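Thanks, everyone, for making the time this morning.

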Amino acid sequence: MSGAVRIFADYTGDVYERADVVVVGSGPGGAVVAHGLAAAGHDVVLVEEGPPFTPDDFELDGARSMARTLREGGLRATRGYMLSTMQAIALGGGSLVNSAICVRSPQATLDGWCGDFGLERTTRADLDPHYDAVEKFLGIEPTPENVQGDRNLLFRAGCDALGYSSEPIARNVRGCRGSGECFTGCRSRAKQSMDISYVPAAIASGARVLTSVQVQQVTTAGRRATGVSGQVVRPFTGEPSHRVRIEAKAVVLAAGCMATPVLLQRSGGLANASGQVGENLQFHPGVAIMGVFPERTHPEFGATQGYQSLQFIPEGFKLETLWAPPGVFAVRLPGTGAELKQRLAEIPYCAVWDAIASCNRSLGRVRARRRGMDPALHWSFDPQDVQILKRALQVLAELLFAAGARKILPGVGRLPEEMHSLDQAGALRSHDLRADDLTCGGNHAFSSTRMHGDPRRGVVGEDGRCHDLDNLYVADTGILPRSPAVNPMLTCMALAHRIAAGVADRI
Amino acid sequence: MWFWGLTALAAATAWRVFRPYPAPPAGLRVLGAREYAFVSAAAQAMFPPGGALAPSGASVPGYVDGFVAERPAQLRLLMRLLFFLCEHATLVFPAPLSGSRLGGMRRFTGLSVEARGAYLDGWGESRLAARRLVFTSLRAILTLAYLGDPAVVRELGLAPKAIDTPVCQADLLWPRAGLARERIAYGPGDVTAPSAGVPLAPDAPLHPDYAPPRDTA
């Protein structure tokens, strides 16, 4: 049995489909669910608002790539504290333009979820079979040594010098060539993004994929979802054309934790008896420090993010290496004029390492705007969580000097733009750090439709099913009850794998 | 007296805001004359000729025009307001190095390159977080644009390499984004072996978009 994929040019009139299950969103959550259900023999329609991309569509320039692959042109930010964040609009969702990091959440983190959120079947032992299945399907392996490149290996050297643990990052990549282009799309076809892995596999199992379709509403009858409705939208402009209606026995929302709450709110406040839809929005705020080394590091070569340290997970942060398209990378360099040019000229000598923090006290919310489907995001930075990042900045500075950096650019407000020794970096320790001093990105978002054993305190149960409806599920990072401590994609996929099995059993 | 004072102030403000700017080059997508002049002036200050990198910021205004055009309407408006604010905020935060306080209150585009640089530095080093944020936003746009010039990326040695992209099963399912199904580039016989994971060679040829222009002399 073989399914089909429809692209924008295929739509010549209004669309009406019927299926066992309609899955909204083709990112890591939706693609895994669609494949699982189709492989189990169910009739699945997978809906994606973005278009499919080919390697010829990839823009190597960072800003142009962001305009084409990310919502709001890649310039989305929260209000309250201004945290830049992103959401992809493409077949495959964020997996098309992320760095493919796949890390299992630590046992202690998942035990904490279970203890604090009334969950009984979400321990590490419960999720390990699902982690295994996803890792096997995608060929998830540690990044090979021969594509690490200097800037990743320097990180290891720094960790070794200070006695910190470190490891090559496991990624959904087969045959990496070290182009460092994960964020603009993998021209080597090595990254197993959903559009070339789970989605084609779902199609091969009979799933129908509708791209360029924006779902605007979940339709219901009593306690049951009956399907979704929306419209066909032109790639890149969003210009609407035909109407779309899909009826199904079950609906799975995997539109992402910033879109799924909007969809529920636009559907008449659906699944919100708990009042938790759109609440508890969390991020992993990230900070980065650039180190400049005496010799060229050839940062353009190597896995985008090839090395990590989990040493500081108990303190609330994870360390990683980082590379990005030069333009995106350079926006955080300080100065103007000749000074700025000098710093740009030092990029070939640099290594940038970042820390992502579990900020469980810093909460936000997702609301539908008056018009359109883009969310209004509000998020506040709790002062105690700022201190986690303060500690992370200190460790990053120590690591860079231990690895041989001749200077660092901490990028922290009210501190020197450059520090030339560990002594000078001591200012990071003594600084009265405020949230406004930080330039943070928050590209892991979660918890806006959180899973909770108590229907009064969460939107979905452990099976991903909304407490308020019999056949409406959520399978994106919104269901994580709080930070997974590490990059959330693999845990999202593992939960989606479990959700698919549960949906298959119930329909 | 008050009336005439206010009238003179209003007239001066109107003159400042509405005084014409040089005509921009043809073919711009969204930037008007004022915005083009502002971005050009800011780029000159941000990326003066010479120094550690040879290319100047001459390519920046054209890139910024495309950058703004490709963003959603609300963000386009915000970016244009950003340019307007920076052009006229010299009234509130006069530029240093302009000879006099009054001289520092000229429009940003009317300042010397040195005064523009000092004015931007003032925003970047301000004690007001909002002012620093405005500066950071402007510098981010200009820096993205500067690094959008292939000549700059090439000079840094960061230009992407040419890659022989394997053809996979997914490439048989859809054409380039936005094209008709008939434009699918590959058939079943075109599928190649996946990447073997051979690291890119440091001296591999550059991607065509980043290759140096051919010498036509």
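This is a predicted model: local features need pLDDT of at least 70, side-chain atom pairs count only at pLDDT 80 or more; totals for chains, interfaces and linings use all residues.

**Strands, domains and a chain contact**

Let me begin with a pair of strands in chain A: strand S14 (residues 307-309) and S15(A) pair in the antiparallel sense over two bridges, where pairing requires that DSSP finds at least two bridges between the strands, and where strands (E, at least two residues) and helices (H or I, at least four) are DSSP runs numbered from the N terminus. Residues are numbered from 1 along each chain as its sequence is written, and chains are lettered from A and ligands numbered from 1 in the order in which they are written.

Within that pairing, Gln308(A) stands opposite Glu320(A) in S15(A). On its other pairing, S15(A) is joined by six bridges to strand S16 (residues 350-357) of chain A, and these two run antiparallel, with Phe317(A) opposite Ala357(A) in S16(A).

How many of the residues of S15(A) are buried? Six of the six residues of S15 (residues 317-322) are, a residue being buried if 20 or more other C-beta atoms, placed from the backbone, lie within 10 Å of its own, exposed if 12 or fewer do, and partly exposed in between. Phe317(A), Leu319(A) and Thr321(A) point one way from the strand, whereas Lys318(A), Glu320(A) and Leu322(A) point the other way, and all are buried.

A separate open sheet in chain A has three strands in the order S4-S18-S17, with mixed pairing. Its edge strands are S4 (79-80) and S17 (364-368), each of which pairs on one side only. S17(A) and S18 (residues 375-379) are antiparallel over five bridges, and Arg365(A) stands opposite His378(A) in S18(A).

Turning to domains, whose bounds come from an automatic or database domain assignment, chain A is divided into domain 1 (4-58 + 88-141 + 187-277 + 449-506) and domain 2 (142-183 + 282-437).

Between the chains, the contact takes 59 residues from chain A and 54 residues from chain B. The largest share of the chain A side, seven residues, comes from H9(A).

Finally, helix H4 (residues 73-88) of chain B has 16 residues and reaches 23 Å from its first C-alpha to its last, close to the 22 Å expected at 1.5 Å a residue, the expected span being 1.5 Å times one less than the number of residues. Met79(B), Phe83(B), Cys86(B) and Glu87(B) are buried in H4(B). They cover an arc of only 110° around the axis, which puts them on the same side of H4(B); the arc is that of the directions from the helix axis to the C-beta atoms. The buried residues pack against helices H2 (33-46), H3 (60-69) and H6 (129-147) of chain B, while the face turned away from the buried side carries the exposed residues Ala73(B), Leu77(B) and Leu81(B).

Methods. Two residues are in contact if their C-beta atoms, placed from the backbone, lie within 7 Å.
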